[in-house]
Amino acid sequence: MNKLLPLPDRPGNMPLADDIAPAYHAINRVVRSRIAQSTSGTSPYSIGSAWIDWMRDAATAPGLGAELAERFWRDQWLAWLGALDAEGGLVPDRSDHRFDAPEWDRLPFRFWKQSFLAAEDFWARAAQGTGRLNRHTADRIAFLTRQVLDAMSPSNAIATNPVALKRTIETLGLNLVHGAQLMAEDVAEVISGQPSASGTFRVGETIACTPGEVVYRNELFELIQYRPTTEKVHAEPVLIVPAWIMKYYILDLSPENSMVRFLLDQGHTVFCISWVNPTAELREKGLDAYRRHGVLEALEQVNRICPDQKVHACGYCLGGTILAITAAAMAGKGDDRFASITLIAAQTDFTEAGELMLFVDETQVGFLEDLMWSQGYLDSAQMAETFQFLKARDLIWSRHVHRYLMGEDEREFDIAVWAKDATRMPYRMHSEYLRGLFLENRLTAGRFDVEGRVIALKDITAPFFVLGTERDHIAPWRSVYKAALFTNNDLTFALTGGGHNGGVLSEPGHKGRRYRLGHRTPGKRYMDPDTWFRNHEPVEGSWWEAWADWLNRQSNGKKVAPPEMAASLGAAPGHYVLVH
């Protein structure tokens, strides 16, 4: 029977050769872990091999060389035309707002902008090679060249950014003084390893502040039971399984955009898992421990507090993935305790897992395993750097310009405070997750083993509500949609605007919100995502309301008095969420 992963002290899929003494093997790991620490877990071998493959491809393709030479001189000509005429030349991508200000249309700034856009256009084509490159390699080269070019943008330097220069003249340089102060604060925050204390948003006071009690705790999670806000509630409670990569309160931010509070106001009894921020002591906790001692244990506690009732389960991001695994394992045993399953921006198939796949291959995973082996966990800062690099233009360089060059202390947002509050991940669990799901895609390949039995999503009979977000770069909506390909149950798919986090937060009354909604009955033929998109028109409003209607239909229609609050181990949001 296929096991999920080899033992974590033997990286990769091959067993340790008999003629290699364990002591020598340990020496190898120590050296590799030191290299990994110096690169924040990024494998130089993966990057180097991508460049070697690209150069090999280019070296044997004189036609490509001729095409790139033609493109280079064409781009230079267009850049000169743009430098001479503000109405001509190369145009930035619609999502690129670095050069929106009218000051960029004046010389010499117009020339620098056009030269930069010419370099972007050239490398966008050059990175793709002859078309025979492995898709993963081509995408990685495109990503790497984009990182270099974004770092070299004329908007990043005070001398070549006309907007920053104008601000410097107007303030007599005070913007740079204030920018230096902000930089010192940020450096101090990085050194301390803790987010700075927020004057506006504080966990348990202004965010993650929905009233409730911690009613259960083990070494992996705390279970929060929220106080009802209605006199009568649906008989079936809701259990929320958040991702463990960040704190749970993305779903309980400010009172006005808290999904938890919304569910309470709709007459639901709500429970939520708050995962522990693990230390090296939990290094051997694997993915199955999060299933058994996490999701299943939480479900048992909800059953204890709300006996004889099925449960509406809701999983967000990685929480949705482990929820789907749990539900499939339960279904294989005939366990039907779930009344419904909601997957929010959660992937069950990882063949099209977005830009995160740029960081996942055998060498890179082995490199991360060596790093985690020495630490016992993947540090939150190391994971945060990965997510920042995925959107470096917006999360790194735009912030650099506004904060350090313009001297603007950007207005604080609840979601930005949450985004800084990352968590660590245990060595074994993260290794198993990357290998079993990202690298080998075992869940939908029919090779994911739970307690000696291969599980299948199509065994699940509870109805699904699946949500994707249009601009999700972590769980692309077409990848999320694949839940429809590997299941046979009643399934409702919703697609909302926004990204991985912002698109999920869609409280009623939020301007500009829209969504598409489709329903697949059991046994209906599969519809590919692009056809689905064309066949379902957008609806103005919040997907939360459509979800609430769907939950009501999955309930038995009974409204009952709220269950008694279980014995409290402390007020929400509990202890685990406060641990950095």
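Two strands are taken to pair if DSSP finds at least two bridges between them. Helices (H or I, at least four residues) and strands (E, at least two) are DSSP runs, numbered from the N terminus. The model is predicted: local features need pLDDT of at least 70, side-chain atom pairs count only at pLDDT 80 or more, and totals for chains, interfaces and linings use all residues. Residues are numbered from 1 along each chain as its sequence is written, and side-chain values use heavy atoms, with hydrogens and water left out.

The chain holds 19 helices and 16 strands. An open sheet with mixed pairing contains 10 strands, in the order β1-β2-β5-β4-β6-β7-β12-β13-β14-β15. Its edge strands, β1 (212-217) and β15 (539-540), each pair on one side only. Strand β14 (residues 514-520) runs antiparallel to β15 over 2 bridges. Here R514 stands opposite E540 of β15.

Helix α19 (residues 543-554) lies across β6 (311-316), β7 (338-344), β12 (464-469), β13 (491-496) and β14. Its angle to β7 is about 165°. Such angles run from 0 to 180 degrees between N-to-C directions, with axes fitted to C-alpha atoms, for helices over the stretch in contact. Contact means heavy atoms within 4.5 Å.

On a 1 Å grid over the protein atoms alone, a cavity is a set of points where a 1.4 Å probe fits but cannot get out; a pocket is an open set with protein on both sides within 12 Å along at least five of seven lines; lining residues have an atom within 4 Å of a point. Grid points are joined across faces, edges and corners, and a volume is the space filled by probe spheres set on the points. There are 3 cavities of 30 Å³ or more. The largest cavity has a volume of about 50 Å³. Residues lining the largest cavity include W244, Y248, W275 and V577. The second largest pocket holds about 440 Å³. Of its 14 lining residues, R135, D139, G354, M357 and L358 are the closest to its centre.

Some backbone features complete the description. Most residues other than glycine have a negative phi, and most peptide bonds are trans. A cis peptide bond joins L107 and P108, with omega about 0°. P108 is in the loop between α3 (62-84) and α4 (109-126). The bond from A572 to P573 is also cis, with omega near 10°. L172, not a glycine, has a positive phi of about 55°.
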